[in-house]
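Here's a quick briefing to read with the model open beside you.

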Amino acid sequence: MTDKPESRKQILVALVENKPGVLNRVASLFRRRNFNVDSLTVGRTHRRHISRMTIVVDGSRNDGWRIAANLLKLINVIDVALVSQEPHVSRDLALIKVNANDADSRNTLTQICDKYPAHIVDIGPEVAIVQIAAQEDLVESLIQELKPLGIVEMVRTGVVAMGRGIRILDSQYEPVIPITARSGNGNGSFEAYSV
Amino acid sequence: MTQLLNGSEILLECLIREGVDLIFGYPGGAILPTYDALTKYPQIHHVLVRHEQGACHMADGYARATGKVGVAMATSGPGATNLVTGIATAMMDSSPIVCITGQVTRGAIGSDAFQETDVTGVTLPITKHNYLVMDVHELPYIVREAFYIARSGRPGPVLIDIPKDVQQEKIEFVYPTDEIRLPGYRPPQKARPDEIQNALELIHQAERPIILAGHGILMSGAMNEVRELAERAQIPVALTLLGKGAMPESHPLTIGMMGMHGEAASNYAIQDADLLIALGMRFDDRVTGNLKTYARNAKKIHVDIDASEINKNVQVNVGVVGDLKTVLTQLLPGVKRMSHPEWLNRIRDWQEDSDERDIINREADVLLGAQVLNDLWHFTGGEAITVTDVGQHQMLEAQYYPHQRPMTMITSGGLGTMGFGLPAAIGAKMGMPGEEVWAIVGDGGFQMTLCELATAKQENVPVKIAIINNNYLGMVRQWQEFFYEERYYATPMFNPDFCKLAEAYGIPSMRVTEREQVAESVTFARAHNGPVLIEYMVQKEEIVYPMVPAGADLDKMIRRPKPNEA
């Protein structure tokens, strides 16, 4: 095999039914099979009944296929793509709060941010919040540069990804029971992504 | 015409439409509305078990004997958690069962209410799928999906958790007639043509091919196709424990079970083969031994309905995902007639060596488990459905009770659940009343679920119970002898008088201490139209040979010495 010393990161995208407990099922699968999850993000799509997960795992390409096969065994998982094996776009969003309590540090901060697709989105007398939405390696690089200023708080969304071009991961799925037929029990499972 | 029915009645209406006429269960507060509804549906027979684990194993035994979906029912909390071992057993052996559990009312969920357990959470990793029904309108759809999921693709257990107030809520009942819509569930069927071509190429190149026949063959009903493949290309067939019955064991090409306690000839053949054709099996560690040295010289074809099994334990050259019967039907027209006389002769030599070592015809001054099993095979004409527990007697059954027909050997292979035997045998007998059913159990496992003797008696199920009693946890004792320097800690058993115990339940019994009595015991068992218990007092120190130590190379077996070496 031509296993380059490329990144051992595999990015999987899963379309799942927007139902309660689905995130739990996916998370449980990763724990049960001892797969190493780097990040897992979940959010809505343009279709009301379908959510989309992006999962980054530490492993070989074969691990990626194995995980995909296991994900597909879950009844609520509609489709899976191993997007790291195809041309794709991936983004990670981070908010980084750094010390910026004098002119020097504020200058340094501005200079650093100019080199990245990053913005200062909040600034006060003591600290500033930098926002970046970029490929994961760029986010990592920015974090390294900001470290000397003193990072005091940070949050990242985890990677979201999409295959490029006409490779479309989509499903026309509509649930069997139309929502109007449901008796109101306050469950609201199609509205909120509850676990 | 629509009817106003409550959730419980809707559930039972749906079960009847799935062909359910038998439920194994145990009542309790949260499932009581459904038990009350059962009074209105005499076409469903409810079997009252003595422990919910028994209900699950009975549904499992029923499913494995009949090929239909077995149904177990329990109340919330402890009732549901008692099902867990049975569900995990069914999951590991791909057995189609549907478990129905009561749950506290919707409003009480999450409040640590009396007898509340997060059952869908608990069973999530051990079910093929599970449901918490929060809306009675969904119930008919869920029941239909549950049965479809349980029996299709790679079968498995499905659990439906129904809050008490959902069981009580009344709505207009309309049975859904549209297609089941499960967008994420597409059981594979056919193989891709290139996969078939690649498999054919390997089969035609092979000089020392071997078929590894697994449970999937029985599930798919591909026995004839497997036999056709074996005969046409003259390929020997080794069986997994759950694959027993996939090929008639009297067939000259069947070389017997593989793995830890498999036939030595099968294990040698696998290690020596240049092609493995793995059909509906999953390369369990008990089958492969050390993966690093497993079938090193062999190319591998693996056909399985579960894509995640391909390349899981063993890297294969050709992986085919599909239904076995369909795939083999695609493959067979391309298979040339072949012969491998040299290869088959080599295997015959190994078999002859094993015959020399065999214990079955040796004189012994004590009764041996191996002889009991072989005599039971002889006196039942090899035609009984045998349901085993887990341990030495299970392996002895696999070695000494050859099966000719599929679905006549029922055992907990994957999970190795002690206590499985008796309840599963009751379920099997209730599913197949026309068949002779023997529960083959050890003295250890039997005591884990012996409360089901009462169930067998109450239902008057004519299941024949053979206790192979060595007053030891024999398999554990065997490991202690080989690998723990004979420190027999926590394996000697104090046992009750099993015959008196049977008497207490009103069950006829007999104790066998001599080999000559085995024939009589079968006659005795058959003479009573109800449960019968036979206790066979066997040698304490009996060892199951051959044995591949856990993690050792498959051909590094501990063998029984030949008579002249002993």
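Between the chains, 21 residues of chain B are in contact with 26 residues of chain A, a contact being two C-beta atoms, placed from the backbone, within 7 Å. On the chain B side, the touching residues split into ten nonpolar, six polar and five charged. Here Ala, Val, Leu, Ile, Met, Phe, Trp, Tyr, Cys and Pro go down as nonpolar, Asp, Glu, Lys and Arg as charged, and the others, Gly among them, as polar.

Bear in mind that this is a predicted model: local features need pLDDT of at least 70, side-chain atom pairs count only at pLDDT 80 or more, and totals for chains, interfaces and linings use all residues. Residues are numbered from 1 along each chain as its sequence is written, while chains are lettered from A and ligands numbered from 1 in the order in which they are written.

**Chain A and its domains**

- Chain A has four helices and eight strands; helices (H or I, at least four residues) and strands (E, at least two) are DSSP runs, numbered from the N terminus.
- Along the sequence, they come in the pattern β-α-β-β-α-β-β-α-β-β-α-β.
- Chain A is assigned domain 1 (9-86 + 167-181) and domain 2 (89-161), with bounds from an automatic or database domain assignment.
- The C-alpha centres of domain 1 of chain A and domain 2 of chain A are 30 Å apart.
- Eight residues of domain 1 of chain A are in contact with six residues of domain 2 of chain A.
- On the domain 1 side of that contact in chain A, β1 (9-17), β2 (37-44) and β3 (50-58) each supply at least two residues, and β2(A) gives the largest share, three residues.

**The parallel sheet in chain B**

- Six strands of chain B make an open sheet in the order β16-β15-β17-β18-β20-β19, with parallel pairing; two strands pair if DSSP finds at least two bridges between them.
- β16 (409-410) and β19 (509-512) of chain B are the edge strands with a single partner each, so one side of each has no neighbour in the sheet.
- Strands β18 (residues 464-469) and β20 (residues 532-537) of chain B pair over six bridges, and N469(B) has M537(B) as its bridge partner in β20(B).
- Helix α23 (residues 517-527) of chain B packs on the sheet, touching β18, β19 and β20 of chain B, and makes about 170° with β19(B). Axes are lines fitted to C-alpha atoms, for helices over the stretch in contact, and angles run from 0 to 180 degrees between N-to-C directions.

**Two spots with positive phi**

- D112(B), not a glycine, has phi near 55°, and sits in the loop between β5 (97-103) and α6 (119-123) of chain B.
- M407(B), also not a glycine, has a positive phi of about 60° and lies in the loop between α17 (392-400) and β16 of chain B.
- Which of these is buried or exposed? D112(B) is exposed, with 8 other C-beta atoms within 10 Å, whereas M407(B) counts as buried with 21 C-beta neighbours inside 10 Å. Buried takes 20 or more other C-beta atoms (placed from the backbone) within 10 Å of a residue's own, exposed 12 or fewer, and partly exposed is in between.

**A cis peptide**

- Y545(B) and P546(B) are joined by a cis peptide bond, with omega about -10°.
- P546(B) is in the segment after β20 of chain B.
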